[in-house]
Amino acid sequence: MTHFLDILPTPTDDLRTMIDHARAMKDARGGRPKGMCDDEKPLDGRMVALIFEKPSTRTRVSFDVGVRQMGGQTMVLSGADMQLGHGETIADTARVLSRYVDLIMIRTFEEQTLLEMAENATVPVINGLTNRTHPCQIMADIMTFEEHRGPIKGRRVVWSGDGNNVFASFAHASARFGFDLVFTGPKPLDPDPEILAACREAGANIEIVRDPMAAVEGADLVVTDTWVSMHDPQSAKERRHNQLRGYQVNAELMGRAKPDALFMHCLPAHRDDEATSEVMDGPNSVIFDEAENRLHAQKAVMRWCLGA
Ligand code: CP
Ligand code: NVA
């Protein structure tokens, strides 16, 4: 079964093939991401279940549109409305859904839920974000960087802020795509040491630099994300804002990166918290290209999972 659960366990050649395929599918549409006019219909006759246990705009819409463009059909399911949200096990849900659909994408809380779904499904499962990682986002981000600046291998990527799920997938990607990754943030919000260890063991070069100004020196790409993720308690908001204020991506911080350094944010953003609107809407920001590329990258991921 070809699941797409995370970047690190996926072979490097397959990841590269998916990025190149995504780019080719995007190019074939001639700058028109919208519409159902793809010549190829590799998902013709296939049904895809999209399960959300957390809110979503980009993941939900880009998967739904991507499946339809490739000739397949979707079913968007809210975890709360399923028996899953009322005590049915993940394993039984996976076995049942596998009798109806050809592919399952799930956005959930615990990593364990995703793993149990994958273990018990007899169709491919895609990780649409967990508390731990967000691999589809980073596939789109790699694609976006390379579209604008060429190969990401050997480049310096600096993450400023919370060492969260999106950072974790950047860490995975640094091992697979060969870029240098710098984390800058307050110690209590450091990335999971187990994730860092696994990435380093796989050859990643990941540094932690506390001073954000020193960290972004020479950066080719500066990235941030919300200071309070969907799985974080709202009660942590004030503390996190105090801890992270010094790591805001603003014009002064971007000024220390290379002059052509790109700025990325997976969105949704809290404007003027983790990044200023000046940076988000500035000439080096590619945030809406990232959002569009979710569509193209996930189409390639789904085709890889289905061998289609
Ligand atoms: N970036 C991202 O995954 O956005 P959504 O939460 O809107 O899906
Ligand atoms: N870190 C954020 C990403 C949202 C796409 C969250 O998990 O809420």
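## Ala-219 and its surroundings

Leaving aside neighbours within four places in sequence, Ala-219 is in contact (C-beta atoms, placed from the backbone, within 7 Å) with Arg-156, Val-158, Ala-257, Lys-258 and Ala-261. Ala-219 sits in the loop between helix 8 (212-216) and strand 8 (221-224). Helices (H or I, at least four residues) and strands (E, at least two) are DSSP runs, numbered from the N terminus.

Is Ala-219 buried or exposed? Ala-219 is buried, with 24 other C-beta atoms within 10 Å. Buried takes 20 or more such atoms, exposed 12 or fewer, and partly exposed lies in between, with C-beta atoms placed from the backbone. Met-75 is 144 residues from Ala-219 in sequence and 41 Å away in space, C-alpha to C-alpha.

## Model and numbering

This is a predicted model: local features need pLDDT of at least 70, side-chain atom pairs count only at pLDDT 80 or more, and totals for chains, interfaces and linings use all residues. Residues are numbered from 1 along each chain as its sequence is written, while chains are lettered from A and ligands numbered from 1 in the order in which they are written.

## Overall fold

The chain has 12 helices and 9 strands. Its radius of gyration is 19 Å, close to the 19 Å that the globule rule gives for 308 residues, so the chain is as compact as a globular protein of that length. The radius is taken over C-alpha atoms; the rule is 2.2 Å times the number of residues to the power 0.38.

The C-alpha trace spans about 55 × 45 × 35 Å along its principal axes. Of the 308 residues, 47% are buried. Among contacts between residues at least 6 apart in sequence, 77% join residues at least 24 apart.

## Helix 4

Helix 4 (residues 111-120) buries Leu-114, Met-117 and Ala-118. These cover an arc of only 95° around the axis, which puts them on the same side of helix 4. The arc is that of the directions from the helix axis to the C-beta atoms. The buried residues pack against helix 3 (90-98), strand 3 (103-107) and strand 4 (125-127).

## Ligand 1

Around ligand 1 (C-beta atom, placed from the backbone, within 6 Å) are Ser-56, Thr-57, Arg-58, Thr-59, Leu-129, Gln-137, Cys-266, Leu-267 and Pro-268. Domain 1 (12-133 + 293-306) and domain 2 (135-290) both give residues to this shell, so ligand 1 lies between them. The domain bounds come from an automatic or database domain assignment.

Definitions and conventions:
Contact = placed C-beta atoms within 7 Å.
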